[in-house]
Amino acid sequence: MRTVIQILLVIGAVVITYLIYQSVQRPIQFDKAKEARYEATIQKLKDIRKAQDAYKNIHGQYTGSWDTLVDFVAHDSVRNVRAIGELTDSMIEAKITEKKAIQMGLIIRDTVKVSVIDALFGGKYDANSLRYVPVPGEPTEFHLAQTILTTGSGIKVPVFEAKAHNNVILRGLDEQLLINLNDQRRTNDKYPGLKVGSLEEANNNAGNWE
C-alpha cells in the first residue's frame, strides 16, 4: 500500500511540476509568437503608408479602396528628380549658382518618371500583398478607409487609416491570453491591434506602435 501511495505522490508531483512549467511557458511562447507577427504586420503597415503618401502626392487625397491602391502601386509612376553633379568650391568661388550651373550644363537636374514599385520598393514587390495581413491562415485584408477632416480653423485635411485587429493578427494562439491582451488594450483606451493613420485626427499617419 505504501508503495502505491508513493507512486501516486510521485505522479502527482510530476503533474504539478508540468502544470507549473506550462503556466510559465504559455505566456512566454505567446509573447514570442506575438512579437514575430507584430513585426511582420508593422512592416506591411509601413509599406501601406508609403504607398498612400505617394498616391496622395499625385491625386491630392488618400484612397479607401484596395483595388485602387494596388493598381496604383502595380501600374502607375511617380516623378523623380535625377541629380547628376553638384556645386563645387570653385563654382561657388566663381559665384555660379546651381541654376546657372544647370544652364551651363555643369550639373544636371532632370525630372523623370519612375514606376511606383521601383521608386517605393526597389523593384520586385507583390503589390497585391499590400492588402493582406501577413499571418497564417485564411487571407484577411487590412481594414482600409479614408476621409477628409476639417480642422477648427476650417482647413480640410485628407487622412487615411489601415488597421488589423489582434483577433486576426494573433489568431490560432492561446485564446485566453489573447482575450487578456485585448481587454488590457481596451482598458487603456487603445486599439486592440495594430494600425497606421487615423480617421479621427490628423496624426501625420503615425502608427500606434510608434
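Partly exposed describes a residue whose relative accessible area lies between the cut-off for buried, under 20%, and the one for exposed, over 50%. The model discussed here is predicted.

Q: Why is Arg186 called partly exposed?
A: Arg186 has a relative accessible area of 45%. Buried would need a value under 20% and exposed a value over 50%, so a residue in between is partly exposed.

Q: What makes the contact between Asp183 and Arg186 a salt bridge?
A: The closest N and O atoms of Asp183 and Arg186 are 3.5 Å apart. The limit is 4 Å between a side-chain nitrogen of Lys or Arg and a carboxyl oxygen of Asp or Glu, so this pair qualifies. In helix α7 (residues 175-187), Asp183 and Arg186 are three residues apart, so about one helical turn separates them.

Q: How do you know whether Arg131 is buried or exposed?
A: Look at its relative accessibility: Arg131 has 9%. Buried means under 20%, so Arg131 is buried. Its salt-bridge partner Glu141, with an N to O distance of 3.2 Å, is partly exposed at 39%.

Q: Why do β3 and β4 count as paired strands?
A: Two strands pair if there are at least two bridges between them. β3 and β4 (residues 156-165) have eight bridges, in the antiparallel sense. As one example, Gln146 has Phe160 in β4 as its bridge partner.

Q: What makes β3 and β5 edge strands?
A: In the open sheet, the order is β3-β4-β5. Both β3 (143-150) and β5 (193-197) pair on one side only.

Terms used: Residues numbered from 1 in each chain as written. Predicted model: local features only at pLDDT ≥ 70, side-chain atom pairs only at ≥ 80, totals over all residues. Heavy atoms only, no water. Helix = DSSP H or I, 4+ residues; strand = E, 2+ residues; numbered from the N terminus. Buried < 20%, exposed > 50% of the residue type's maximum accessible area, 1.4 Å probe, protein only.
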